[in-house]
Amino acid sequence: MPLILTEEQTMLQQAADGFLNEQAPIAHLRQLRDDRDPEGVSRDLWRAFGDMGFAGVLIPEAHGGMGLGAVEAGVIAESLGRALTPSPFFGTAVLAARTLAAGSEDQRAEWLPRMAAGQAIVSLALDEGAKHRPDRIATTAERAGNGFTLKGAKAMVLDGHVADALIVAARTDEGTTLFLVDPKAAGVMVERTVMVDAHNAARVMLADVAVDADAVVGPVGGGDAVLEGVLTLGRACAASSLVGAGDQAFRITLDYLRTRQQFGKLIGEFQALQHRAAHLFSEIEIARAAALAALQAVDAGRDDAPMAASVAKAKAGRTAELAVQEGVQMHGGVGMTDEFDIGLFMKRVRVLNETLGDAGFHTERLARAQGF
């Protein structure tokens with residue numbers, strides 16, 4: 001399959017870029033950060049995402065969504081990476097929407113239309129430490145009467161502090177099981193975590209939280225199978241966001257090279273900087289191709305989709321990191337100041353690299369899959 005967007009996907013990209021440039025440019029992030037907004041995210045903007053159809057990109061038309069695929073979700077994710085917009089898109093429209101696709105009809109009917117309209121935020125509570133380790137879930141769910149009792153703690157729950165519902169991964173006797181949990185239920189404590197990039201996550205503590213049997217998402221003990229598909233999609237979309245952030249950092253740097261003068265010449269005329277810029281351009285294009293290939297593999301349901309997503313996440317992470325490092329260096333001392341946007345991209349890339357596994361995590365995963 002050609003590693004280029006179709007005409008319809010290109011139109012979606014243009015629509016997403018135009019919407020974010022108008023409604024949520026980098027100034028939007030700065031305002032939320034500088035005003036110390038208690039939520040750190042705009043509910044009005046999220047509803048506008050719903051009006052545009054972005055919030056429901058992966059949700060079936062029967063539930064009010066657009067019914068599109070992973071490539072389209074990746075297109076929107078890349079635009080968000082360029083604009084640095086704090087948004088529940090990744091946690092709700094990608095991770096939670098794909099997880100709830102495995103839920104009961106009642107769960108889908110209750111949540112998917114509201115998510116597609118931008119009226120609800122649902123967060124996946126999976127990781128429990130500083131690093132992404134989906135194979136190390138210590139949260140437990142013990143059978144109690146007609147339901148379960150949840151005990152444990154979760155970290156880095158994207159937008160968990162404003163979530164209307166949480167999808168919690170816990171260990172049962174049958175294996176990993178997913179539960180829909182009301183964040184206002186007795187025993188649930190949610191603490192906002194403001195990340196270095198001014199985006200949002202939360203710590204969630206579960207102290208003997210009682211849930212009914214109908215809160216189970218998918219089969220009891222079937223959480224690992226559901227999560228494999230969810231994380232594969234999420235990693236491919238995270239790679240797209242990294243490509244978007246790296247590409248925009250590169251564009252900002254090029255503009256600076258074309259305008260900044262030193263020793264009576266534009267610094268973009270210096271051959272050493274031209275070589276570094278050309279190398280970075282090539283790396284970004286390779287990373288973009290890897291991300292698109294992973295998204296296409298997800299849409300095609302290929303067996304190699306998980307490995308393609310790991311390739312994309314590792315490559316995009318390293319490339320975006322190179323882009324922001326080169327950008328700061330080429331800006332010189334001012335690149336370290338908050339006045340210039342390039343530093344905001346460095347912070348965002350750092351967080352995105354850790355989201356759903358950094359380059360080291362995915363490199364090891366690929367090596368193990370090859371028998372090393």
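Where does D127 lie, and between which strands? D127 sits in the loop that runs from β1 (122-125) to β2 (140-144). Strands here are DSSP runs of E with at least two residues, helices are runs of H or I with at least four, and both are numbered from the N terminus.

Some ground rules before I go on. This is a predicted model, where local features need pLDDT of at least 70, side-chain atom pairs count only at pLDDT 80 or more, and totals for chains, interfaces and linings use all residues. Residues are numbered from 1 along each chain as its sequence is written, and side-chain values use heavy atoms, with hydrogens and water left out.

Back to D127. Is it buried or exposed? D127 is buried, and yet it has no salt bridge. Buried means under 20% relative accessible area; exposed is over 50%, and partly exposed is in between, with a 1.4 Å probe and protein chains only. A salt bridge needs a side-chain nitrogen of Lys or Arg within 4 Å of a carboxyl oxygen of Asp or Glu. The nearest side chain of opposite charge is R235, at 7.6 Å. For charge, Lys and Arg are positive, Asp and Glu negative; His and the chain ends are not counted.

What does the D127 side chain meet instead? It makes a polar contact with the side chain of H132, at 2.8 Å. It also reaches the backbone nitrogen of R133 at 3.1 Å. A polar contact is a pair of N or O atoms within 3.5 Å; within protein, one must be able to donate a hydrogen and the other to accept it, and residues adjacent in sequence count only if both atoms are side-chain atoms. Set aside neighbours within four places in sequence, and D127 is in contact with H132, R133, P134, K154 and A155. Contact means heavy atoms within 4.5 Å.

Now the domains. There is domain 1 (7-120), domain 2 (124-220) and domain 3 (224-369). Those bounds come from an automatic or database domain assignment.

Take domain 1 and domain 3. Their centres, over C-alpha atoms, are 21 Å apart. How many residues are in contact? On the domain 1 side, 22; on the domain 3 side, 28. The size of an interface is often given as the accessible area lost when the parts come together. Here about 2,000 Å² is buried between domain 1 and domain 3, and carbon and sulfur atoms give 69% of that. The area is what the two parts lose on being put together, with a 1.4 Å probe, summed over both.

Seven residue pairs are in polar contact between domain 1 and domain 3, both residues at pLDDT 80 or more. Which elements give two or more residues to the domain 1 side? They are α2 (26-34), α4 (70-83) and α5 (89-100). Helix α4 gives the most, with nine residues.

Stay on α4, which holds A73. A73 counts as buried because its relative accessibility is 0%. Not counting residues up to four places away in sequence, A73 touches V57, L58, F89 and C237.

Last stop, T319 in helix α9 (residues 305-331). T319 is buried, at 5% relative accessible area. Its side chain reaches the backbone oxygen of K315 at 2.9 Å. Beyond neighbours within four places in sequence, T319 is in contact with L280, E283, I284 and A287.
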